[in-house]
Amino acid sequence: MNLQKPGTIILSTLHCIITGFVTGTLVSCMLVLLVMILSEPAGATAMDDMTAADMNRIEDPSHVRQGTLLFKGEQDFSRAPILKTDVQINITGMIARATVKQHFRNPDTTWKEGVYVFPLPEDAAVDHLRMYIGQRVIEGRVQERQQARKEYEQAKSEGKKASLVEQERPNIFTTSVANIGPHEEIIIEIEYQHIVQYDSGTFRLRFPMVVAPRYIPGQPVTPVEINVTKFEGNGWAVNTDQVRDAARITPPVPHPDKGKINPVTMQVNLDAGFSLQHITSSYHNIGIKQENETGYKLTLENNTSADRDFELIWKPEPGAEPRAAFFNEQKNGEHYGLIMMLPPEQNKGEILSREVIYVIDTSGSMSGTSIVQAKAALELALAELKPGDRFNIIQFNSFTEQLFQFPQPFTHHSLRQAKNYVRALRAQGGTEMAPALQAALHQTSESSGVRQVIFLTDGSIGNEDELFRIIKQQLGNSRLFTVGIGSAPNSHFMNRAADFGRGTYTYIGKVEEVQEKMQILFNKLQHPVLTDIQLTWGDNLTVEAWPQKIPDLYLGEPLLLTAKASSLPETLHITGTVSGKTWNSSMKLSGGKEQTGISVLWARKKIAALMDQLNSRTEQDEIRQMIIDTALAHHLVSKFTSLVAIDVTPARVKEELLKSQSMPVNLPTGWEYEKVFGQLPQTATGSELFLIRGMLLLVTGLLFAVFSRKFTRCYACQV
Amino acid sequence: MPVRFKKLIVVGLLVVLPLCGVWQIGLGSYIHAKAILAQFLLETAWSETLKGHKEVKPWPWADTWPVCRLTVPRLGISRIVLAGASGSSLAFGPGHLFGSATSGEYGNTVIAGHRDTHFKFLQELKTGDAIQLQTSNGGNIRYRISEIRVIHETETHYLARTDANILTLITCYPFNAISAGGPMRYIVIATPEITNGKMI
């Protein structure tokens with residue numbers, strides 16, 4: 001053995017370590033510079049041709065920084081009643097009647113109250129409640145909301161089984177079931193009816209399955225008074241000055257990693273009344289069985305969870321599209337009618353230059369698949385711009401920001417800026433929609449021509465009424481087109497916003513639909529609109545028709561109205577304006593199809609119209625009373641009336657305690673939990689791991705160097 | 001042939017292993033270098049902010065800006081806090097959580113930082129220690145630490161709004177964990193010192 005060897009090894013080791021560190025430091029310094037230069041945020045590369053001053057953040061101190069993190073404490077739902085839903089929908093012509101059975105099963109040994117917040121179509125007329133306890137059935141009665149709540153609370157404290165169905169929003173309802181015994185199951189059956197949507201030659205039925213987490217703007221309010229008749233709700237949000245009932249519309253959402261809950265079965269019996277070209281379910285797998293020439297039985301595939309809207313589409317054979325329909329019902333000496341008429345298609349209008357404001361929701365709820373859909377839709381919409389048009393893009397989350405300070409003429413340069421801007425959009429933060437809406441409607445326009453606002457959002461907000469007020473007050477000559485994005489959009493918001501905005505709404509539920517759905521919207525934008533629609537019912541007839549003001553009709557949209565009269569006239573005359581010219585039509589109302597439930601649809605339309613007036617008119621008490629009267633007369637659930645069912649005999653003795661639990665719901669498909677509910681930030685870097693790994697590698701290299709030298713020498717000796 | 005082949009592998013490893021080591025050490029030191037260097041650049045941006053400029057970007061392509069300065073007199077610590085607690089801003093300084101109360105505003109002010117760089121000092125803090133926040137209008141708020149605890153990352157109610165004015169500092173826990181991404185967090189809660197009914 002050569003004694004010099006260990007010395008050289010030590011020397012070379014030291015040498016190696018020193019060079020390692022020196023090079024390491026040098027390299028790191030170079031990397032610092034390099035990465036500092038290259039580590040531009042994603043947005044910056046896209047905005048290469050724009051200075052920071054071009055970007056316009058709209059500062060409104062009263063709106064910014066509110067609402068994102070309005071949490072109540074943690075909730076334990078491991079012992080909450082377990083829910084299962086069975087849905088049966090019968091569609092006859094244009095009317096759908098649905099039965100929703102909610103099974104509340106108590107998995108625990110204690111007594112429970114289950115509170116379930118769920119969605120229904122926004123025009124659903126809920127008129128029946130039944131509570132099944134074993135073999136017994138208890139029929140629910142409609143009561144004024146306060147009264148119903150009082151009766152329910154009374155029964156609850158007396159240990160009687162009771163259930164209550166209340167309306168929070170036109171499309172959000174709450175079922176409460178009290179005194180579910182240990183390991184017992186109670187079934188709540190709700191029935192509702194509504195009109196299927198008919199647009200651009202296609203019939204559409206939506207059944208929403210989950211209330212998506214709503215953003216609650218505003219400052220928290222502390223309850224002034226708490227009493228039994230005033231249920232404050234037990235959602236994840238606290239009530240705020242802008243959303244007074246936030247706690248009632250925010251059911252708890254467990255992390256999706258914990259698995260899907262709330263299974264749904266569904267059966268649809270469809271009798272369209274004409275032969276069909278095709279039937280499709282947009283987002284779910286279904287089994288289709290043809291029963292007769294025009295009748296079909298559709299069954300939802302097993303293992304479906306309530307985590308996204310169900311949509312059924314059916315299209316008549318070419319030439320069989322109905323152009324007019326009349327359904328009637330006689331009830332209590334009154335005639336009720338549902339009238340549908342499709343105005344004849346107009347030729348494409350001459351192309352006027354327009355001003356288009358695109359508004360895109362980039363809040364946390366849009367994160368995931370929704371933002372992808374919204375961006376794709378926005379890019380398509382940008383491609384529709386023509387020279388002579390002016391445009392701007394507004395994005396909003398906790399803040400509102402616009403691409404240009406003022407709408408810019410369409411040029412290759414501005415289009416490129418816009419495309420880059422859209423590409424760089426990321427979804428995070430709150431949903432402060434009001435400033436964005438104001439900015440979109442308020443921007444002064446140089447031309448007095450066509451002004452369109454295309455609004456892409458999932459509508460996951462709790463302050464709908466405030467937003468509707470803004471639209472009504474500030475619409476001016478703009479037209480608002482809502483594009484509902486994602487798996488569970490707020491259909492009430494989309495619909496009403498488009499109504500007040502004198503535009504239309506479009507739904508996009510998956511990326512594959514973007515092209516097709518946007519094309520329908522572009523067609524509508526290109527064709528003349530039928531406006532100022534007036535109805536003449538004939539002399540000496542008092543007809544109460546709802547809606548009172550017929551909305552503007554875009555291409556493919558039918559006139560839809562309900563009427564009540566002591567006798568309906570033979571013919572209905574309709575006039576309107578299209579491209580500046582008067583348009584006339586008439587429709588025969590004799591020999592319509594008899595159908596039960598038309599009166600209910602009429603009452604629902606009336607309530608909807610009155611609810612709109614409630615927000616804008618002064619004589620609120622009067623209107624409120626009219627809503628209550630209509631709802632009570634037609635046995636309907638409304639904002640001011642609820643259905644309540646109470647068992648006669650007490651089931652729970654006073655000594656046993658009752659625990660109230662809000663029932664958890666799924667996070668809608670495609671949503672990202674952390675982006676909505678937040679997460680404590682990631683606050684560690686990998687630096688130590690890198691350093692340790694680097695050291696280990698160096699040491700291994702050294703050891704290897706030492707041993708391999710020995711090894712090769714010995715090996716060479718042997719050879 | 002086999003001998004030459006073996007030699008090739010040996011030589012290859014002799015070159016590759018130290019190179020990889022150097023690369024990894026480089027990455028590790030880069031994180032620290034960036035964290036330290038950025039704070040120097042932020043000083044300039046912060047003094048601009050104190051002069052009344054809004055959202056001063058420390059370097060032209062930054063997507064964040066300084067919002068306040070956090071100091072701990074006992075430890076001689078001073079950190080410029082950035083807007084937002086996204087990964088990209090936390091690399092340069094502690095981040096003020098988007099949506100929480102801004103410094104000096106009524107409510108819960110939440111600031112997060114990396115446990116191995118800017119917020120490493122959190123482990124040395126004790127209940128009763130003073131923390132100061134310098135706000136963008138030049139004002140100073142003095143806080144006293146009232147509570148220190150270890151929580152799980154899902155306990156987001158620590159971010160919730162509060163009726164009271166508090167300061168919440170968050171970092172990852174344990175401090176000496178080797179890899180990032182653990183579920184535990186270390187939080188420090190401080191309440192403002194009040195004199196004559198006014199915050200000082």
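**Exercise 1. Find what share of the contacts in chain A with a separation of 6 or more comes from residues 24 or more positions apart.**

Step 1: two residues are in contact if their C-beta atoms, placed from the backbone, lie within 7 Å.
Step 2: among contacts in chain A with a separation of 6 or more, residues 24 or more positions apart account for 75%.

A word on what you are looking at: this is a predicted model, where local features need pLDDT of at least 70 and side-chain atom pairs count only at pLDDT 80 or more, while totals for chains, interfaces and linings use all residues. Residues are numbered from 1 along each chain as its sequence is written, and chains are lettered from A and ligands numbered from 1 in the order in which they are written.

**Exercise 2. Describe how helices α6 and α7 of chain A pack.**

Step 1: helices (H or I, at least four residues) and strands (E, at least two) are DSSP runs, numbered from the N terminus. Helix α6(A) covers residues 433-442, and helix α7(A) covers residues 464-474.
Step 2: their axes lie 10 Å apart, at an angle of about 10°. Axes are lines fitted to C-alpha atoms, for helices over the stretch in contact, and angles run from 0 to 180 degrees between N-to-C directions.
Step 3: α6(A) and α7(A) are therefore roughly parallel (angles under 35 degrees; over 145 is roughly antiparallel, 65 to 115 roughly perpendicular and the rest oblique).
Step 4: look for the residues that meet, including Leu437(A) and Leu441(A) from α6(A) and Leu467(A) and Ile470(A) from α7(A). The contact of α6(A) with α7(A) has seven nonpolar residues, three polar and one charged. Here Ala, Val, Leu, Ile, Met, Phe, Trp, Tyr, Cys and Pro count as nonpolar, Asp, Glu, Lys and Arg as charged, and the others, Gly among them, as polar.

**Exercise 3. Explore the largest nonpolar core.**

Step 1: a nonpolar core is a set of buried Ala, Val, Leu, Ile, Met, Phe, Trp, Tyr and Cys residues joined through C-beta atoms within 7 Å. Buried means that 20 or more other C-beta atoms lie within 10 Å of a residue's own, exposed means 12 or fewer, and partly exposed is in between, with C-beta atoms placed from the backbone.
Step 2: the largest core has 160 residues, and Val359(A) is one of those with the most contacts inside it. Helix α10(A), residues 598-616, gives the most to this core, with eight residues.
Step 3: not counting residues up to four places away in sequence, Val359(A) touches residues including Ile394(A), Ala436(A) and Phe455(A).

**Exercise 4. Decide whether Asn303(A) and Ser579(A) are exposed or partly exposed.**

Step 1: Asn303(A), in the loop between β16 and β17 of chain A, has a positive phi near 60°. Asn303(A) counts as exposed because it has 10 C-beta neighbours inside 10 Å.
Step 2: Ser579(A), in the loop between β31 and β32 of chain A, has a positive phi of about 45°. With 14 other C-beta atoms within 10 Å, Ser579(A) is partly exposed.
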